Amino acid sequence: MTVAEHASPGEATLLVLRGRVRLVAGDRSWPGETGDLLVIPDARHALYADEDSAVLLTVAR
């Protein structure tokens, strides 16, 4: 699974429910595994699943 590069709609976090993912913004990358909470940067970013994964996206508007 890949979510192509896009802008953030507001303050957001990503909870990794299962699997392994990578959040990428520019030249920075943050890995996430089951149970990790990633803060989505206020910049264009993309999400890549390194294996079958389930995530919960929370956006504050």
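Modeller: Happy to! First a term: two strands pair if DSSP finds at least two bridges between them, and strands (E, at least two residues) are DSSP runs numbered from the N terminus. This is a predicted model, where local features need pLDDT of at least 70, side-chain atom pairs count only at pLDDT 80 or more, and totals for chains, interfaces and linings use all residues. Residues are numbered from 1 along each chain as its sequence is written, and side-chain values use heavy atoms, leaving out hydrogens and water.

Biologist: Which residue is the bridge partner of A12 in β5?

Modeller: Strand β2 covers residues 11–18 and runs antiparallel to β5, with four bridges joining the two. In β5, A12 is bridged to I40.

Biologist: In the open sheet of three strands, what is the order?

Modeller: The pairing in this sheet is antiparallel, and the order is β5-β2-β7. β5 (37–40) and β7 (54–60) each have a single partner strand, so one side of each lacks a neighbour in the sheet; the edge strands are β5 and β7.

Biologist: Does L15 count as buried, partly exposed or exposed?

Modeller: L15 sits in strand β2. It touches G35, D36, L37, A54, V55 and L56, leaving out residues up to four places away in sequence; contact means heavy atoms within 4.5 Å. Buried means under 20% relative accessible area, exposed over 50% and partly exposed in between, with a 1.4 Å probe and protein chains only. At 28% relative accessibility, L15 is therefore partly exposed.

Biologist: And H45, buried or exposed?

Modeller: H45 belongs to strand β6, residues 45–49. Its contacts beyond four places in sequence include A4, H6, L23, V24 and I40. With 4% relative accessibility, H45 counts as buried.

Biologist: How many bridges join β1 to β6?

Modeller: These strands belong to an open sheet of four, ordered β1-β6-β3-β4 with antiparallel pairing. V3 has L47 as its bridge partner in β6. β1 and β6 run antiparallel, and the number of bridges joining them is three.
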